[in-house]
Every structure is written in C-alpha cells, then in structure tokens.
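Subject: Structure handover

Hello,

The structure I promised is below, followed by notes on what was found in it. Please read the notes with the model open.

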Amino acid sequence: MNENQPKAAITVSKMCSLLSISRSQFYWHVKKGTFHEPHRLSNGRPYFNASQVEDNLKAREMGIGVNGEYVLFYERDNETPKQSAPSKFKLKPDYTELMDGLSALGLTGLTTSAVADAVDHCYPKGTAGQDENDVLRTVFRFLKRSGSV
C-alpha cells in the first residue's frame, strides 16, 4: 500500500496527527460537533473510516465543522521564539495534561513530583519536539515498570 492511498481505518492518534492537534483538543472538537465521533471495533477500540478521515481533514482545512458551524483553529508560528533574558528562577513545567492522560489510562495516586521524576528519567534532554502521545506512552510504561504507582 503506498502513502497516497488512504487506509480503510485509522486510529485516534493518527487522526490527531493528521489534524495537527492534541488528543484533548480533538475530543473537545468531537464533543462540539466539529469532527466526527469515532466508530468502535468489537473490542471497543476507536477508529475512523476513510470517509470520516476525509470529512475531518476538510473541516480542519475549510474551517467549517462536520456540523456546518464555523470553527477557528490556532495556528502556531514556525519561527523560533526569541530568547528572553535569562531568569534567575527556573519555571516548572506543567504536567497537568500528562497527568490527566495517565489517570485516564488507569494510574491513580499520581503526584506532580513523581510524574516530573519519570519525565526527567525518560527524557533527560527534555520533551521539546517529542510527540505528546509518545511521551504519555513512555512515562506510563516507566511508572508501571517501576511500580511507583
């Protein structure tokens, strides 16, 4: 199968990647009716058929949701941000979204410090440029294997 030929079904992660949005933003738009809700396999796993993929991509491109309402998407600049003056205070990263994802995967009793330690262990050079789904999967596996949660 070549790259230009659409697949019969794709995952939610792949759909989010094609739309260039996060999973949480995607589900927010599904709830609002901007994008199609995924179908479910017999085992419960969500997927999108080729028609849904095409409609969702068209909604993103045209700015008109599958429900017919106008929608505006935030577009990030590809320019590198200008360096600000060095600060004597180091900003703490916000792990709220990552912790929400880990909780959704069944991890309970998470603390910000435990998640921060796991991220530091798995990504010593930081998570900049990493796909958020990959970070979620890697940190989840690390926490499960370490038995800390």
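The largest pocket holds about 1,600 Å³ of space. A pocket here is an open set of points on a 1 Å grid over the protein atoms alone, where a 1.4 Å probe fits, with protein on both sides within 12 Å along at least five of seven lines. The volume is the space filled by probe spheres set on the points, which are joined across faces, edges and corners.

This is a predicted model, so local features need pLDDT of at least 70 and side-chain atom pairs count only at pLDDT 80 or more, while totals for chains, interfaces and linings use all residues. Residues are numbered from 1 along each chain as its sequence is written, and side-chain values use heavy atoms, with hydrogens and water left out.

Pocket lining

The lining of the largest pocket has 45 residues, and S22, R23, E97, E132 and N133 lie nearest the centre; a lining residue has an atom within 4 Å of a point. Five helices each supply at least two of the lining residues: α1 (12–19), α2 (23–32), α4 (96–104), α5 (112–122) and α6 (132–146). Of these, α6 gives the most, with seven residues. By class, the lining has 18 nonpolar, 14 polar and 13 charged residues. Nonpolar covers Ala, Val, Leu, Ile, Met, Phe, Trp, Tyr, Cys and Pro, charged covers Asp, Glu, Lys and Arg, and polar covers the others, Gly among them.

Overall fold

The protein chain contains six helices and three strands, in the order β-α-α-β-β-α-α-α-α along the sequence. Helices (H or I, at least four residues) and strands (E, at least two) are DSSP runs, numbered from the N terminus. Of the 149 residues in the chain, 28% are buried. Buried means under 20% relative accessible area, exposed over 50%, and partly exposed in between, with a 1.4 Å probe and protein chains only. Among contacts between residues at least 6 apart in sequence, 48% join residues at least 24 apart; a contact means heavy atoms within 4.5 Å.

Helices α5 and α6

These two helices, α5 and α6, pack at an angle of about 110°, with their axes 9 Å apart. Axes are lines fitted to C-alpha atoms, for helices over the stretch in contact, and angles run from 0 to 180 degrees between N-to-C directions. The pair is therefore roughly perpendicular, the class for 65 to 115 degrees. On the α5 side the contact is made by A114, A118, V119, H121 and C122, and on the α6 side by T138, V139, F142 and L143. Seven of the contact residues are nonpolar, two are polar and none is charged.

Around F35

F35 sits in the loop between α2 and β2 (39–40) and is buried, at 2% relative accessible area. Leaving out residues up to four places away in sequence, F35 touches L19, I21, F26, H29, V30, N56, A59, R60, V66 and F73. T34, in the loop between α2 and β2, is buried at 6%. With the same exclusion, the contacts of T34 are H29, A59, G65, V66, N67, V71 and F73. H29 belongs to α2 and is buried at 5%; beyond four places in sequence, H29 contacts T34, F35, V71 and F73.

One backbone item

S20, in the loop between α1 and α2, has a positive phi near 60° and is exposed at 59% relative accessibility. Most residues other than glycine have a negative phi.

Regards

Definitions and conventions. Parallel < 35°, antiparallel > 145°, perpendicular 65-115°, else oblique.
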